[in-house]
Amino acid sequence: MNNQFTHPKERIRFAILTFFFAQGLCMASWASRIPDFKDIFAANYAFYWGLILFMIPVGKFVAIPLAGYLVSKLGSRSMVQVSILGYASALFCVGLAHEVYLLGFLLFCFGVFWNLCDISFNTQGIEVERLYGKTIMATFHGGWSLGACAGALIGFVMILTGVSPVWHYALIFLIILIIALSGRKYLQENTPQEMEMSGTDKTDTDKEEATRKAPNGFRLLFQKPEMLLLQLGLVGLFALIVESAMFDWSAVYFESVVHVPKSLQIGFLVFMVMMATGRFLTNYAYQLWGKKRVLQLAGSFICIGFFVSAFLGGVFESMAIKVIINSLGFMLVGLGISCIVPTLYSFVGAKSKTPVSIALTILSSISFIGSLIAPLLIGAISQAFDIRVAYMIIGILGGCIVFIVSFTKAFEIRE
């Protein structure tokens, strides 16, 4: 029996949100200690260290077809539990690594479980949206952002108090284990890709017959995707380039362009705060303007934010004014990017004819290209010109998002 008949839907929603929180907590816990691992392994050559870090996106990329297949066959309820515990276990093992090759392998595993979490969690999120009969995906992604903020804060405290990564990660594993054990009973049953396609109100004989007739989920991954997913994926690709620009280069921007001391390098912080805030405001924005208009505003905020920082960020002599202007630009980018991915997932749930887990995998595959090309794109432009020019070009992608959303049928929907 589906959990929606045995538990209040508010508890189900909160439980799913805590799993998103756990994923954000795990990701930020790794990111907060990256400088420590760089020192531990004496990786002073930037390209060498970059190759080690590149094992994470490699793992995520390899896991793309695997995630869609496993979720479609085993169900997101089982895969949510497997993926979050695997994610936390990989993090803990990273803290134990003493050989660089073992570190690289564990980061690869970390990337694999990261993507398994992405697909299984968002599949659960869409199931809860269907339970509610309205769009609430953005609040789940807001939970992820809160978890990331909490992970960054815990990491900062651990560094200040001199706690080693292994004990830090043991604490994170314990927290995530408690979250998983507490929330597992509220996860939604959607085991059958076939049952999803055939309906949950059919008899066992009907379901067995539908199972035999349903298309193979793994084969669907390699067929030509529906045009809807291609259009959504292109917007997702641009969004991940923007996210990568902020995650990887915001501190560098404040240091090399704004020239502020470390105590005032708050660009990434204000970006994350506005990203979390925006995700919790997204559902209200849907009610005011609808999903299409929200995405148009999001692209506009991204474009304006980058250009504010690029054009005005270094104009004034006053350090305080420079910090304020650049922080304002980064806040606009954070507010703009906050709603794009959850809104794309909601469009998948509302409009795609492909099974949800497979559709999310295809969407993630297309979008993921953005996170792969962003470091090379920004690095090459910064090397040829400077990072300010790179940020202006990334800002243009916000305008591209507005254009695609305005003139493609994928974003036409009855609110």
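Tutor: What follows takes the helix pair, then the salt bridges, then the cysteines. This is a predicted model, in which local features need pLDDT of at least 70 and side-chain atom pairs count only at pLDDT 80 or more, while totals for chains, interfaces and linings use all residues. Residues are numbered from 1 along each chain as its sequence is written, and side-chain values use heavy atoms, with hydrogens and water left out.

Helix 5 spans residues 76-96 and helix 6 spans residues 100-132; helices here are DSSP runs (H or I, at least four residues), numbered from the N terminus. Their axes come within 8 Å and cross at roughly 155°. An axis is a line fitted to C-alpha atoms over the stretch in contact, and the angle runs from 0 to 180 degrees between N-to-C directions. Helix 5 and helix 6 are therefore roughly antiparallel, the word used for angles over 145 degrees. The crossing of helix 5 and helix 6 is left-handed, a term for a near helix turned anticlockwise from the far one by less than a right angle. The residues of this contact divide into 19 nonpolar, six polar and one charged. Nonpolar covers Ala, Val, Leu, Ile, Met, Phe, Trp, Tyr, Cys and Pro; charged covers Asp, Glu, Lys and Arg; the others, Gly among them, are polar.

Side chains of opposite charge can pair when their charged atoms come close. A salt bridge is a side-chain nitrogen of Lys or Arg within 4 Å of a carboxyl oxygen of Asp or Glu, and the count comes to two. One of them joins E127 and R130, with the closest N and O atoms 3.4 Å apart. These two residues are three apart in helix 6, so about one helical turn separates them. E127 is buried at 15% relative accessible area, whereas R130 is partly exposed at 43%; buried means under 20%, exposed over 50% and partly exposed in between, with a 1.4 Å probe and protein chains only.

K292 and E412 also form a salt bridge, at 2.5 Å from N to O. K292 lies in helix 14 (residues 291-312) and E412 in the segment after helix 18 (387-407), so the pair ties together parts 120 residues apart in sequence. E412 is partly exposed, at 43%.

The structure holds zero disulfides, a disulfide being a pair of cysteine sulfur atoms within 2.5 Å. For C93, the nearest cysteine sulfur is that of C109, 8.5 Å away. C93 is partly exposed, at 32% relative accessibility.

Key
Angles under 35 degrees count as roughly parallel, over 145 as roughly antiparallel, 65 to 115 as roughly perpendicular and the rest as oblique.
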